[in-house]
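Good morning, and thank you for coming. I would like to take you through one protein model, one feature at a time.

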Amino acid sequence: MSLSLAIFIIVVILVVGGFALGTHRNIRRGDDAMRWAQGGLRLVGEKTTLHWLGSSVLQLKIENAKRPFRQVEVVFVLEPRDIAPLWWLARARGRRDLFIFRSRLHTLPGFEFEAFAPEAWSARGREAHLRRQKWQPVPARDSLAAYSPEPVPAAHRLLDLAALSGCPLLRLSVQRSDPNFEVHWPLAELKKLPASTVFETLRKLGELT
């Protein structure tokens with residue numbers, strides 16, 4: 001066997017093996033996240049459908065959600081562990097496993113508001129987008145940036161509720177367009193809390209919009 005062929009075989013084994021190992025790790029993390037979420041999902045709906053979108057995104061959907069929600073989507077966005085170069089690049093850019101809650105509400109929000117951690121990878125480009133939409137900066141807690149097209153009396157109450165103990169808020173969005181309500185938290189920190197606490201907080205946030 002030539003040296004070049006031996007190197008090629010080794011590279012193939014490493015790539016295929018890394019893909020299989022990374023996929024397995026993400027599936028385990030996704031299953032673990034789903035089991036955690038089951039402790040709170042019934043607070044927002046009874047019937048949940050599950051879909052894996054590739055090996056890095058696990059989507060849970062509730063079509064007939066409980067008020068104040070009409071439809072709910074919970075998404076666990078995992079690091080791309082199945083492709084090592086992309087994983088290293090993603091981690092260098094600050095990407096970590098992420099919990100996303102999106103909902104269409106029964107009643108359109110009476111205001112529009114967005115707050116986010118400027119360094120969060122899931123909020124990249126939001127500030128420039130909101131400025132193009134002529135939204136104005138509003139005071140926010142901690143190191144969050146916040147914008148709204150109009151005064152929002154409930155803004156501080158929303159941010160206080162979303163500030164879960166030991167789990168930094170990455171993004172909170174209230175809009176009259178779909179999705180009406182969206183929240184991002186880092187998954188690793190969020191899972192240290194009971195799922196019932198997290199989903200009860202989401203219910204209360206939805207009621208404030």
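Let me begin with a term: a salt bridge, as used here, is a side-chain nitrogen of Lys or Arg within 4 Å of a carboxyl oxygen of Asp or Glu. Please also keep in mind that this is a predicted model.

How many salt bridges does a search of the whole structure find? The search finds 20. One that I would like to show you joins Glu-73 and Arg-102, whose closest N and O atoms are 3.1 Å apart.

Strand E3, residues 69–77, and strand E4, residues 98–105, run in the antiparallel sense and share 8 bridges. Within this pair, Val-74 stands opposite Phe-101 of E4.

Next, I turn to the loops. In the loop between strand E2 (57–62) and E3 we find Pro-68. The peptide bond leading from Arg-67 to Pro-68 is cis, and its omega is near 10 degrees. Another cis peptide bond joins Asp-178 and Pro-179, with omega about -10 degrees. Pro-179 is placed in the loop between strand E8 (171–174) and strand E9 (181–186).

The loop between helix H3 (126–132) and E6 contains Lys-134. Although Lys-134 is not a glycine, its phi is positive, at about 70 degrees.

Let us now consider the largest pocket, which has a volume of about 330 Å³. Its lining is made of 19 residues, and those nearest the centre are Arg-96, Asp-97, Pro-186, Leu-187 and Ala-188. Helix H1 (3–37) and helix H5 (187–190) are the elements that give two or more residues to this lining. Sorted by class, the lining holds 9 nonpolar, 1 polar and 9 charged residues.

Finally, I come to the surface. Which residues form a nonpolar patch there? The patch consists of Ile-83, Leu-86 and Leu-89, which together have about 260 Å² of accessible area. Of these, Leu-89 is found in helix H2, which covers residues 84–92.

Thank you for your attention.

Definitions and conventions: Residues numbered from 1 in each chain as written. Predicted model: local features only at pLDDT ≥ 70, side-chain atom pairs only at ≥ 80, totals over all residues. Heavy atoms only, no water. Patch = residues over 30% accessible without salt bridge, like charges linked within 9 Å, V, L, I, M, F, W, Y side chains within 5 Å. Areas by Shrake-Rupley, 256 points an atom, 1.4 Å probe, with all protein chains shown as cover. Helix = DSSP H or I, 4+ residues; strand = E, 2+ residues; numbered from the N terminus. 1 Å grid on protein atoms, 1.4 Å probe; cavity = no way out; pocket = protein on both sides within 12 Å on 5 of 7 lines; lining within 4 Å. Points joined across faces, edges and corners; volume = space filled by probe spheres on them. Nonpolar A, V, L, I, M, F, W, Y, C, P; charged D, E, K, R; others polar. Pairing = 2+ DSSP bridges.
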